[in-house]
Structures are given as C-alpha cells and as structure tokens.
Amino acid sequence: MTSRGISRSTLLALWGVFLALPVAATMLYSVATVWRGRALPDGFTVHWWVQTLSEPRVVAALLRSTWLATLTVLIVAAVVLPALYWGYIRNPRIRTTMQVCALLPFALPFVVLAYGIKRLAGATEVTQPWEASPLLVVLGHVALAFPFFLWPVDGAMAAAGVRNLSEAAETSGASPLSTLFRVVIPNIRTGILTGAILTFATSFGEYSIARVITGSSFETLPVWQVAALQDNRGNPNGVAVMAMFTFVLMFVVSVLIARTGRGEPVRLLPGINTTQKR
Amino acid sequence: MTVTTPTAPGPAVTPPAAGPPPRPGSLRTFLTQWGPAIPFLVTAGGLLVAAALWLIRTSFAGPDGGWTLQAWQDIFTQRITRDAMVRSLGLSAIVATFCLVVGSVLAYLISGLARRGRAGAQALLNVAANFGGASLAIAMVSTLGAVGFVRLLLENWFGYQLGLDLYSVWGLVVTYIYFILPLYVLLVLPAMSVLRPEWWEAVQTAGGTRWQYWRRVGLPVLFPFLLSGWVLTFAWSLGQFSVPYALLGDTTTTSLITTRLGNFLFSATGGTNRFERAAALAVLLMVISALALVAYRRIAARMLARLEGLR
Amino acid sequence: MPSAVRIESAGKSYGATVALDDVSLQIEPGQMVALLGPSGCGKTSLLRSIAGLSPLDSGTVRIGDVDVTHLPARHRPIGMVFQHYALFPNMSVAENISFPLAIRRERRAARDARVEELLALIGMSELADRYPNQLSGGQQQRVALARALAPEPDVLLLDEPLAALDAAIRNDLRDEIRRIQHRVGTTAVFVTHDQSEAMAVADRVAVMDRGRILEVAAPAEIYERPTSRFTATFVGSRNALELPVDADRVVRWGQAFEVPAPTAANGKALAVFRPEDVRITGRDGLPGTVDVVLFLGATSRIYLTVDGHTVHADLPSRAAAEYRPGQHVGVTVAADDVRVFAS
C-alpha cells in the first residue's frame, strides 16, 4: 500500500473507532451486571435483555413505532410514486416542485412542523378531534420523511431511463397506470427498497413529532426511551438494551441498503446532478 | 386512466351545451398536467406550507384574537431565551465548521476507495446519520456521562480525569458531531465525483504540483459544494430537538432555541402567552433555516452552471 | 526548441495484461508522429509514458538529450491535450491558457502577452473571458491546445483529441491542429484509432497492435505498401481473401490475379487488395455478379460476389453508372496491387 493509502486507512480507521465507542458503551451497559467505576463492567449477563424485551410497556412501544413506520412508508410510496412518475413522463415541473419540497424539512425542523400541524388541527372544529391523534403523527412523518424516499427513487428512475421505457410501453399499447406497475416499478425496485428502508428508519427513530402531537399518550419507542432516560428511578441498563436494540436494527437496515444500493452514491445532496460517473 | 395530450387553454373543441363555459380547457389542462401529483402536493407540500403559515399567524396572535408583537417582544427580552438563541447559533456554527474542515477530507478519502469500500462506508454512514435522537442520547450518556465508558476507561487505564461535561455546550458539540459528521460526509460525497481525474493530469502536464492542483483547481471547484454542505449542516444542527431534549430535559440552564420551544410547550414556563412564544421561536427557526436553504441553492447553482456542458 | 523523442525497449504491464511489449520509437525534432491502432493496442499507454503520467516497468524515454524516464510529469518539457479537453471549469479561457505560465510564476505582463499571442493563433481572441461551459467542443479543444503550447514545450502530446467531437467539426479541427503544429514547429505525438485521421495529420504513422509497434512509415507508404498483415487489413478499406497456396508456391485467384506466395505461407495465404485497384471487365477475368451499387458522391462502391467471396470495388461514379445489380462481369487485379501474407 502506498503511503497515501496508509494514512487514508489510518484516518478512516480512527473515525471508525470514534463511531464505534458509543455503540460499544451502550452494548456494555446492556449486558453489565454491575459496573462500579472500573474500566469494564464487573460481570456480564443477558438478564436485562430478557427483562426489558418482555416488559409489556416496552413491547407496546415497539409495536406502536413499527405500526407508525410501516404506515408512513406505505403512504409515502403511494403518494410519491405516481407523482414522480408523472413528473418524468408528462410534466417535468412536478419533479422540480418535488425537489424543492424535499428541502423544506431542512427549513422546518421536526419539532416546528409537529407544533404547526397540531395547532392547525386544533384550529377548526372538523379536525379538532384529531388534534392528538396518532394518525396526525403519521401525516407529520409522511411530510418530513418523504425526501428519504424521493431521492433514491428519483435516482433510480433517472438511471432506468423511465421516459424511454414509458414511451416503448405506450407505443405497445399500455396505459400509464399499467406501465407504472408492469414496467416502471420492477425496474426501480432497488431504489424503492432503499427509499422504503430509509423512510422506515427515519420514522421509527423519530421523537419530536410523536411527543409534541400526542404528548405521552401514544408512547412510541423513542418516547419511552427519553422518558426512561430522564426517570431517575429507572434502570439504566434497560434503557441501554433498547438503545442497543435500535442500533442493531439500524445496522441491519444499513447493510440491506448497502446491498441493494451497490455502491452508487446516494444522491443526498439535493441539486447535485452527478451525470457522469467517476 | 386514459391518456390525453395536453391541450392549450382556450376555447374547447366541442363547446358545452349551454351557459358560459367555466374555462374547461384550463382546468382539464391542470388535471392532466398535475393530476397524479395532487396527493403529494396536498400531504407533503400543502401540509408543510399550511403548518408554516399557521405558525406565523399564531406568533402574532393576541389574547383577543387580534395581532400583536407581544410574543416576539417577549422572546427577545427574556434573558434565558436570548441566551438560548446565542447558544444555538454558536453551537450550530461550531458543529458546521468542524464538519466542513474534517468532513470534507473524510469525504474525499472515501470517494477514493474502491467500489466495495465505498459501499461499506456508505452503509456505516447511513447508520450513523440515522441514529434516532433518543438512542443517541442514551449512547452518549453511556459513553461520556458521569459513569460513562470512556470516562471510566480513561480514569482506570490512563489515570486521566475527563473534564468534558456531557450536559454543557461542548458536550453537545461532541454529541452533535457524532451523528452530523456522517450526514455531512454523505451530503458532499457525490460532489467529490465532480472532480475529474483529467484535471489533475492536465495540471501535471502543465507543470503543477499536487498543492497547486488543490489550490487552483480542486478546492475552487469543490468549495461551493462544501459551503452549501456547511449551510445545510448548520440548519440541521439548529433544528435538532430530540437529542438535546433527551439529554437536557426541561432544565433551563443550557437551553437552545429548540429546547426552549419544548419548555414553552410542555411545561408552564413562559406565562400566559407561552404557545405564542413557542410559535414565535418556531418562526424564527424557520426563517433562519429558509435563509440558509436559499443561500445553499444559490452557492451551489453557480458552480453547477460552470460544470454543466463540460460533458 | 523542438526536441527528438527516443523511446527504447519500453515495457509496461497491468497485472497479467501486457500494455507495452519492448517498444522502441525514434521521433525527429519537429515531426508529428501518429500512433495508430485499435483499442487496447498500447498507443495511449505509450503516450502516457512519454508524458510521465504512467511510469514504465522497463525501458527508457529521452526527450532531447535528457533521460526523463524517472521524472514525474510536471518536470518534463511537455504539453498535453486530452480527449475530453480537461479545461478547468473555474477559470476563463484566458486563465486556462495562462495556467502553465502562472505555475511557473512568470511575470504578469509576459503572461498576458503570450496568452494574447496564443488566442490569435487559435483564432479566439474575442472569447478570452468566456468560461468553458460557454464554449462548443471544438472551441474547448482549441483552448486546450493553446494551454498545452503556452509554456513552449519540447514535445506536444495529443491523446485522441478529436474523438469526442462531432463528425462535422472533426476534420476542420484536425487540419487546424496540423497547421498550428507546423507553424509552431513543435515535435508532436498524436494518438488515434482513426486511420484516415492518422494519415491526414502525421509525417509518420506508427501502427500498433497488442503492445507492439508493427511498422513506422510515411502515410503513403503505410497505405500503398504495408509490410505487416495487420497493417494491411487495418489501414484503408481492403478486400482480404484467404486463398490456397498452389504447389508451385503461387497464390492464384482464377483469372483475377496470380502472385508469388510469401515464404512463410503454408497451405493458405491472405491476399489483400484495395477497392480502387479492382478492374471490372466485360469478358476477361474471374466471373462474378454485381450485387449492389452505392453512390458515394465522386466515387461509387460496387459490391460483387465473385467465386463465393464478397468483393467491393471503388470506381469513379461516371464509370460505375454502367453497372446494374445482377449483371455478370469479370474481375481482375494487377499483380503489383495485391499483397500477400502468411495466413
């Protein structure tokens, strides 16, 4: 390896260690019997894992988060796919609008949006009953997580040459809807998968919106985590277990993304069109 | 769904039976052009815009439903809130600058990796960037808290007392950097591929060194993208709520704009117009972030134009 | 000052693939030599080793009196033009051209004067402040040429400079490159896979295949009297037929022609002749049928089936007008116009 290669590996390795430390720390806490002040815990046990994962409150929170995230992904897909598709084959302005909208979550921090949605719902009599409803949380998640679906799918559609595919399908006699399902979607599968995974992850780990809109009544996993963290009488090990659980989940998620993504740079910087490959 | 070709707005080909036509041409055009995108526009676009507008209205809302600047006045006069603003801006600027300097180098290094290495790096970065706020807070407490792993390790193995307080501004800096640095790297990674290897070869054959390459070609070309990365990172840091709230809770000693907002929402601090104050803070955040966004697009746009049409 | 370039026994491999196999080449000062060959033949590797962008595994490179084999590119007295222009997008035309001079820390006044001179040379004086993205491909390549010539290099290197351009402007730019090279008098090496381009532009053409130089000669020589089988089939449009070698060491194609077989040929030989050397007669010669007549402007191309082979002949269009598809004709080729190689 060249000297540049060595220093590159060293730097990246150092960063890797920096990233790994908190995860290691959490892992240790989740399996520690007692940890009194020495560098490593006194003993190890799976007790905390068993106990926490069988606690009804925790299980309930997990289920709620999963339900929330799944619903978010479904709605995001159902809303974004037709719009983006139409943007490719009929009206390019749709795409531009969507890309601008995708920047809004950066201008509207989650907590701000959450509060705005809540006040909006509370303003009119018709929507008043939904003011603290989990469905509102879903809507909030949809509004804020869609960029993570949009970007990979947009990239996949561009790479697959959706326009050409659609014209071929149209001249073969297919309607737009059938083209979307039979031709386009199968060809952008990896993009959809990546987008779905990222959206799920964003919704699953999201705290602010759920907390602001539903207070503590709809306790998702992150809401439980923060409450448990701030609860002085609670046990730190249980908290560490769930954090570790989330890490493992996210890691599995990322491995999935890496496999489906195959090294293409995910176009996360909105507006940078890397039309040519390195 | 039938495929219709868009017709120009104007008199319809077959005029309706009776009465003045309510411009069927333009409505139909609109539907054919935007139809499938309407659910998206309503949920994503509409919701965001409506919420923003409502917040603006609320921040100016008076007790009797009128308009007043009271809430705005309050947030700028109350010392804790003012301190929170300064602290937030400072924190975000420090984090963004650190990311710019260190993250750009890291992104460049990663972009030079072979395909597999790059994919692996991206996977890890995706993990790090997607850490939910709550889990991250827990991890940080486990690492740098009072009985955190690193703290104990340093004490026991090296006899070194770590002075860093996780619940101070610098503790927040370290925490933010942990998950925002990967986000920055992911953001500017695609920009690295803008650098063509031929430019380095052209510099070489013209007699230039590596340093001259970076100084005259590489950095000037990259800088707009890095700067826009800075701007986005700044906005992202500013808007963080879960992480600082999970760490600091409702305490008011080390507040940020976002935790202050949380204070007004969840606890009874702030008096009678606490919701209006919360709205004012929210609008303030929105304005700063929106400005950052505009700046980001402008900066990147000019260099993008220069790169356009260069094959 | 133009210099000679001398390459001796250059060798370069990428893992198991041999890019350059004991290549030697001598280029006289002021000459333009074209490296011609199909992709993968090593022409680009050779050029890059002269440039110093890819170090050789073995062999030497000399520019003038200096052995530059171990010198990095930036210390070599060269200028290089790339296939995709490689202009710096953050600099204007003038800044791009003056870049090599700025690197050498030349005084402002001297730099500006030289840039003006070069802009006049490429005919783009009014475009000095434009940016590369505002220029067409041909214009960008001319700027790249000016940039390469700015520091008055001893050798000018061109890596397929016309390949990325539209066909329409390719010929014009080709001629302009040649004109400028002549005028400035720099030694030049021009890499291309297009044989008509190589022959139009160069003083001498080096034909390469699979890491070796097969022959080096003036374009006319390469075209009329190729010495290797590869050159014969690669350069120019040809008819190539595999024919048996008769017992008396003669390659005979019916009444069409009869030539002595090359010594190395055993059993079969490859006979190669040009379309413009095919004579179509009414009676004499090998019988054949006209398949199709293609009108190409001043000349026409006639495809014939003769003795089971497809042969094409180029004739002035007026003469070609007499022939119709399906017509029976006779075909001959003068023995001097046929080259034979071992099969």
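Colleague: What share of the contacts in chain B with a separation of 6 or more comes from residues 24 or more positions apart?

Modeller: This is a predicted model. In chain B, residues 24 or more positions apart account for 69% of the contacts with a separation of 6 or more.

Colleague: What secondary structure does chain B have?

Modeller: Chain B has 13 helices and 0 strands. Of its 311 residues, 48% count as buried.

Colleague: Why is helix 1 of chain C called mostly covered?

Modeller: A residue is buried if 20 or more other C-beta atoms lie within 10 Å of its own. In helix 1 (residues 43-51) of chain C, 9 of 9 residues are buried, so the helix is called mostly covered. The buried residues include C:K43 and C:R48 as well as C:L46, C:L47 and C:I50. Just after this helix, C:G52 takes a positive phi of about 95°.

Colleague: Which residues have the most contacts inside the largest nonpolar core?

Modeller: They are A:V80, B:A282 and C:V189, in a core of 253 residues. Leaving aside neighbours within four places in sequence, A:V80 is in contact with A:F146, A:F149, A:L150, A:V153 and B:F40. Each of these pairs is called a contact because the C-beta atoms lie within 7 Å. Another core, of 31 residues, lies apart from the largest one, and among its members are C:V245, C:W253, C:V259 and C:V331.

Colleague: How do you know that strand 14 of chain C pairs with strand 11 and with strand 20?

Modeller: Two strands pair if there are at least two bridges between them. Strand 11 (residues 239-244) and strand 14 (residues 268-273) of chain C are joined by 6 bridges, so they pair, and they run antiparallel. Strand 14 and strand 20 (residues 339-342) of chain C are joined by 4 bridges, so they pair as well, again antiparallel. C:P244 stands opposite C:K268 in strand 14, and C:A271 stands opposite C:V340 in strand 20.

Colleague: What makes up the contact between chain B and chain C?

Modeller: The contact takes 22 residues from chain B and 22 residues from chain C. On the chain B side, helix 9 (197-205), helix 10 (210-238) and helix 13 (274-307) each supply at least two residues. Helix 9 gives the most, with 6 residues. The residues on this side of chain B divide into 9 nonpolar, 7 polar and 6 charged.

How values were computed
Residues numbered from 1 in each chain as written. Chains lettered and ligands numbered in written order. Predicted model: local features only at pLDDT ≥ 70, side-chain atom pairs only at ≥ 80, totals over all residues. Contact = placed C-beta atoms within 7 Å. Nonpolar A, V, L, I, M, F, W, Y, C, P; charged D, E, K, R; others polar. Core = buried A, V, L, I, M, F, W, Y, C linked by C-beta atoms within 7 Å. Buried ≥ 20, exposed ≤ 12 C-beta atoms within 10 Å, placed from the backbone.
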